[in-house]
Structures are given as C-alpha cells and as structure tokens.
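Open the model in your viewer and keep the selection tool at hand. Each stop says what to pick next and what is there.

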Amino acid sequence: MGDTTGTRAVVLGGSLAGLFAARVLSDAYDEVLIVDRDELLGVDGMRRGCPQARHINGLLARGQQAMEELYPGITEEIFADGVPTGDLAGDVRWYFNGKRLRQRHAGLVCVAASRPMLEKHIRERTSAIPNVSFAERHDILGLETTPDRGRVNGVRVQPHGRDESEVITADLVVDATGRGSRTPIWLEDLGYPRVREERKKIGLCYVTQHYRLTKDPYHGDLSINPVASPALPRGAIFTKTDGGRVELTTYGLLGDHPPTDQEGFYRWIESLAVPDIHDALQHAEPLDEPVAFQFPTTLRRHYQEMPRFPDGLLVTGDAVCCFNPVYAQGMTVAALGALTMRDHLHTGSAPQPRQFFQDLARDVIDAPWEMTNIVDLSFPGVAGERTPQVRVAQAFLKLVQIAATRDGKVTAAYMRTAGLVERPESLQRPRMILRVLWNALPRFKGASGRAATSGPAKRGKVAVR
C-alpha cells in the first residue's frame, strides 16, 4: 500500500478505542485506515480479539456524552435497537457493604448495551464515514520510520493467508491495540527509553452468564449492583441488556474467584452481601454457560514522562491505561482520549505526541486512575503505598457512602463523580461536605445526649468502593 496524493492516518486496532480515534482523525486526514487482525465489518457477535465482550462492559455517563458528541444521534439509535436505559443514580440499585443507597435521578444516562451491540453501532457509524476504510485480517508486525528514527511514517503488516509483508505509509500512526500493545518494545528497538509502567496486583476474576427471567426482580430498576468490600471481596452487576436478556457478571478480588460450574456459581451468588440476585435466579433460565475472565493487574504506561518520543505516533485507550474493570472506566476514557486527540488536530498540523500525552494524562487519566487507586488500596491485600492523603480520601469516601444510604442528593453527587461527569473535588464543595457530615455522623436526640442514627443504615463499618 503505497503513497497517496493526500494525507493518511493509520489506526492500529479496530476495537472501540480505535473506532473513536478514527472518527476524530477523519476530520483532519484525507484517508483513515483501520488495521486489525479480526474480521470487523458486518460482525454482530463476539470477536476473537475481544474476549472481554462476553462480559458486562459499562459505558459511564460521561462516556455516553462523549459518544454522542462524536456520533450525534447514536444513543437513540442504540435504544431503538432494543437496548434498555435508565439513570445511574436513580434506576440502579446500589449496595455498599449490604446497605442500599438512596436512589435519586441525576441526569446520568445508562446505555445497557452488551459489548457486541455497542461495538456494532459505533463500527457502523464509523465505517459510514466516506474517508474511513478497514484493512481486516492483517497482522501488525512493526513500525516504519525515517532513517534517523525521529518520525514514524508507516506500519509493516502481513495480510492473513500471504507469506509476504507489506508497508502501509502514513502521516500519523495511532496505536489502539489495547493492553498487549507492542509500542513499548518497538520504541526500545528504535533506541528510545522504555516507558515507565505502573502496575497494581488486584487478583480480579469475573464470571458472566446470561438469562431470561420469568419473574421481574427489578421493580422498575435497570440493574442490581452489590459492590465488593474489604470484608467481603465479592460483588456483582445484574443488569437488563439487549435482546430481552439479563446479564450477570460477578467478581472476586485477591484470588477469591467465582467458580464456572453451574452449581458452584449459584452458591457463589448466594454468598453475596444481599440476596436480591440469588432470589432472582430462582426464576431465571440460563442462556449460556458461565464464562470466566482473569484480570490480575491494573496497568498504566506513563508516556507523558518520556523525554523523547518519535513524531507521527500516538497511543490511546487501553494501550495507555488499563483500569480495574469493575469501575467500568475503560470505554469512557477511550472516548475522552479521542476528544483530546481531536483538540490536537484542529489546526490541521501534525499533533505533537508529548503534548498530547501530557494533556491525556492531566485531563483524562489522572482523576479516574487516582479514584480507583484509593478504592483498590482499601483492600488490605492490595500492595501499594497508603499515604496520609490516600487514607484521608478513603475516610471521606466512607462518609460519602454512609451518607448516600440516607440522602439521595449525596448518591446523585457520588454517581456523577463515579460516572466521570464531575471530578472528585465536586464532593468537597462546602455545602456537599456539610450534607455528607450531617447524614454520616452520629446525631444527638433531644437533651439526653444519646446518639441516634436515622435512615436505613446504622453506623458501623462500611466498605469503600
């Protein structure tokens, strides 16, 4: 694939991060080519290159907003295809340490699509862009550079079924190949420093099964989500999804993993902090077998710290940062990363990689990474430095969660931060702090001075999510 008369951007990887990147690149380049080892076009179901698609993949509220900005009208298209929706704070039944949060609508749109359904709609909208095309069933072998190795100017690929490789020339290459990205190795081979990688062992495994229900346990809610805690490192998400099905993903941390045999799986569900899901499964017809997915460590590659980086190359999505999937931040961060990329393309000039990585870290990754770090470190078995700042944040988050069992406004504010619509600092505004303290701390009743706790949750040990 040789030179063309116009400009070309090549995206490595056709999953969601690659599709989002292609969407913004299509406004700045004459041609955008997505390269992937899988067959993509016309595929509605699971892909070999996306094994996590068998499990719940949550798109947070900020992710829905970003998706809608990139593809106007797509949210309603997805809903018209049989995908249920609701409000993250008002229509989801959240439990923390067995205590139910007070529900309140907060304008946080949930898109309860399965991963294949979501990918299908985003891929269809992306492939409909006239200057976007796909090179399917191609293995990606490495980068091509100028003789001084200062600029990436293409990628070497090998089409399936052929013995010879070929070079696709490019004005810009974007790596969206996910956690297994080989960019760190390629850079070292080109004489660049190895990017610093930050890992945290969480020992996560989750197991998913789909059902049809003969009795409704939701009573108007969209999902039932008991969250893992240090006292019981087991949790679940039990949600309505497309096709009239319900999807159950249950997880365990630090080596406490759900079994995949049916009887053991049901016993595990019975052990969760609340009985709602186990009770519902008494009226459920399994549609498939329980399937497991292992996620031993989180991973962040700090490209923003690199003293040198070749021009003509960007990295996005899970290839930069893999969050604990329990918090459902990956797809949203990929969409926000595409919006950051767009900001670096609007002038028509080639993006400056180091500036892009700095903005991506500061504006997109830092806040959710720190949020999940604070929560992960509340589990004693997770290794990491528990600084005074971390301990203060954990203590405040406990108060927020206690207050949310009594006050729906606190739940709404908390879910706006969890949904990445607001930054965590929004919970520290004076009026919100007062509301949290008023609902979380013991109250005194009358002149007797005896502490009295109101609301559905008594004071005590509450888990940090």
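Begin with the buried residues of helix H10: select Val390, Gln394, Phe396, Leu397, Val400, Gln401, Ile402, Ala403 and Ala404. Keep in mind that this is a predicted model. An α-helix has 3.6 residues a turn, so residues three or four places apart point the same way.

Now show the whole of H10, residues 388-404. The helix has 17 residues. From its first C-alpha to its last, H10 reaches 24 Å, close to the 24 Å expected at 1.5 Å a residue.

Is Met432 buried or exposed? Its relative accessible area is 14%, under the 20% cut-off, so Met432 counts as buried. Leaving out residues up to four places away in sequence, Met432 touches Lys409, Val410, Ala413, Ser426 and Leu427. Pick Val410 from that list. Val410 and Met432 are 22 residues apart along the chain, and 7.6 Å separates their C-alpha atoms.

Last stop: helix H4, residues 115-127. Select His121 there. With 8% relative accessibility, His121 is buried too. Which residues does His121 touch, not counting those up to four places away in sequence? They are Ile74, Glu77, Ile78 and Asp81. Zoom in on Asp81: its side chain and that of His121 are joined by a polar contact of 2.8 Å.

Conventions. Residues are numbered from 1 along each chain as its sequence is written. This is a predicted model: local features need pLDDT of at least 70, side-chain atom pairs count only at pLDDT 80 or more; totals for chains, interfaces and linings use all residues. Side-chain values use heavy atoms; hydrogens and water are left out. Helices (H or I, at least four residues) and strands (E, at least two) are DSSP runs, numbered from the N terminus. Buried means under 20% relative accessible area, exposed over 50%, partly exposed in between (1.4 Å probe, protein chains only). A polar contact is a pair of N or O atoms within 3.5 Å; within protein, one must be able to donate a hydrogen and the other to accept it, and residues adjacent in sequence count only if both atoms are side-chain atoms. Contact means heavy atoms within 4.5 Å. The expected span of a helix is 1.5 Å times one less than its number of residues.
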